[in-house]
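Good morning, and thank you for making time for this item. I would like to walk through one protein with you, sheet by sheet and then domain by domain. Please look at the sequence and the structure first.

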Amino acid sequence: MQGQTSYNATMKKHKNIYLKNYTSLKVGGPAETLLELEEDDDLVECLQEITGQVWVFGSGTNSLISDKGLPGTVIINNCGKFKDDDTTITADSGVNWDQLVQFAISKDLYGLELMSGIPGGVGAAIVGNIAAYGQKIADTFIEATVFNLKTQEIKTLIKNDLKFDYRTSSLASKKHDLVILNATFKLSKKPTMQLEYDSALNVAKELQLIPHSLKDRRTIIMETRKRAGSLLTKDAHATAGSFFKNPIVNQEQVDSILKYEEAGISKQQLLRQNKIHGGSSVRVSAALVLLAAGFKRGQTWGNVRLHPDHILKIENTGKAKAQEIHDVVHFITGTVKSRLNIDLEPEVRFIGSFN
Ligand SMILES: Cc1cc2nc3c(=O)[nH]c(=O)nc-3n(C[C@H](O)[C@H](O)[C@H](O)COP(=O)(O)OP(=O)(O)OC[C@H]3O[C@@H](n4cnc5c(N)ncnc54)[C@H](O)[C@@H]3O)c2cc1C
């Protein structure tokens, strides 16, 4: 089913190629047409030429794409560049996120370094308001240029337009027709020691690094992520990272989580976790919620399992279909609802149709 023809200088065009080749969960049926854009390609030119339905992805690390595939044209956006102007950096949406972080560090700019090592592209980072170790996109985001697929207009959206919230923005809605072309961030030259997570502070202590210089801050985070299994490595099973958002719960639900011994956490610890996860005082760790609902690390359903150490990571152990993962997710959310009355929401985006 796979074919390839040359579209222009670097862009590759495929017909009916399986999208599982482009997602970190290694699932996804065929794209009717797929365009792979490389660094020097022009996303706007490409969008202007396409007629019919358009889907834009970066590295496919936050998407569960249906086995039925996607009609129309799928763009794998790896094109673009970045530039800096004093403390401001503008990056095209196809730029790899971690390359942008490293670029900011090379320019002595603070504000993105704690988000080192998050896989994916700049476009999806904005859509999902990515966050790690106390930094999030919304902290430094200034504006984005977007292309409207319906009107072909290009316009600039400022921070208020994007309505950033915990792991989401207005662009996460399935209803919009906007493709992010580039984004601008305002960073700082002022060094900071800010680092709250115990796991990262322990790594800093062990490596005898003070979380002050940008280089050391990155080293601490990369090592912490390595130990937490949060780096996307080729040898690991296919995954999309943490599958669920930390849910908002009421006091009664907090108490029901604490009742479960396996959760092994005091109320004080739980509330501290809420704070550093960047949520309101009632957002709790989804991993604890899974444990409290009776799920086990390493629990397996056919080709789908919960990571043996990191229960929030759903893995495709080899031959899973998107539908199988979808069904496991529904089983988990249903069980959590019935046992704890908590609404667990996937962080991963479901794309296309499922049964
Ligand atoms: C091992 C691992 C660790 C992770 N750790 C973290 C973490 O610490 N913190 C965190 O927040 N996330 C984390 N993630 C999740 C993931 O890396 C982020 O959500 C990332 O931003 C996804 O980028 P992507 O390019 O792969 O997204 P994709 O899956 O390609 O796209 C995600 C969504 O964004 C849309 N999109 C992509 N580009 C554009 C564009 N230009 N315009 C409009 N819409 C667009 C897509 O249509 C899709 O709906 C992790 C994932 C993995 C696998």
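Let me begin with a convention: two strands are said to pair if DSSP finds at least two bridges between them. Helices (H or I, at least four residues) and strands (E, at least two) are DSSP runs, numbered from the N terminus. Residues are numbered from 1 along each chain as its sequence is written. What you see is a predicted model, in which local features need pLDDT of at least 70 and side-chain atom pairs count only at pLDDT 80 or more, while totals for chains, interfaces and linings use all residues.

On confidence, pLDDT is the predictor's confidence in each residue, from 0 to 100. The mean for this protein is 90, and 91% of its residues reach 70 or more. Over residues 1-7, pLDDT stays under 50. For that stretch the model has 12 contacts beyond four places in sequence, a contact being two residues whose C-beta atoms, placed from the backbone, lie within 7 Å. Where pLDDT is low, the predicted coordinates should not be read in detail.

I turn to the sheet of 4 strands. It is open, with antiparallel pairing, in the order β14-β17-β16-β15. Because β14 (238-242) and β15 (300-301) stand at the edges with a single partner strand each, one side of each is left without a neighbour in the sheet. How many bridges join β14 to β17? There are 3, and the two strands run antiparallel, β17 covering residues 313-316. Within this pairing, Thr 239 has Glu 315 of β17 as its bridge partner.

A helix accompanies this sheet. Helix α11, residues 322-340, lies across β15, β16 (304-306) and β17. Its direction makes an angle of about 150 degrees with β17; axes are lines fitted to C-alpha atoms, for helices over the stretch in contact, and angles run from 0 to 180 degrees between N-to-C directions.

Next, the sheet of 5 strands. This one is also described as open and antiparallel, and its order is β7-β8-β13-β11-β12. The edge strands, β7 (82-85) and β12, each pair on one side only. On average, neighbouring strands of this sheet are turned by 20 degrees against each other, direction ignored.

Consider β13 and its partners. With β8 (residues 88-92), β13 pairs in the antiparallel sense over 5 bridges, and here Ile 89 stands opposite Phe 185. With β11 (residues 141-148), β13 is joined by 7 bridges, again antiparallel. Across that pairing, Val 146 faces Ile 180, and Thr 145 stands opposite Asn 182.

β11 also pairs with β12 (residues 154-158), antiparallel and over 5 bridges. Thr 145 has Thr 156 as its bridge partner in β12. Phe 147 likewise has a partner in β12, namely Ile 154, and it stands opposite Val 179 in β13. β11 and β12 form a hairpin with 5 residues between them, and Gln 152 in the turn has a positive phi of about 65 degrees.

Now the domains, whose bounds come from an automatic or database domain assignment. The assignment gives domain 1 (3-77), domain 2 (82-186) and domain 3 (238-351). The C-alpha centres of domain 1 and domain 2 are 21 Å apart. Between these two domains, 13 residues of domain 1 contact 13 residues of domain 2. On the domain 1 side, α1 (43-49) and β4 (54-57) each supply at least two residues, and α1 gives the largest share, 4 residues.

Finally, the ligand. Which residues come nearest to it? Of the 32 residues around the ligand, these are Gly 58, Gly 120, Gly 123, Ala 124 and Gly 241, where near means a C-beta atom, placed from the backbone, within 6 Å. The elements that give two or more residues to this shell are β4, α3 (122-127), β9 (131-132), β13 (178-186) and β14. Among these, α3 gives the most, with 4 residues.

Thank you; I am happy to take questions.
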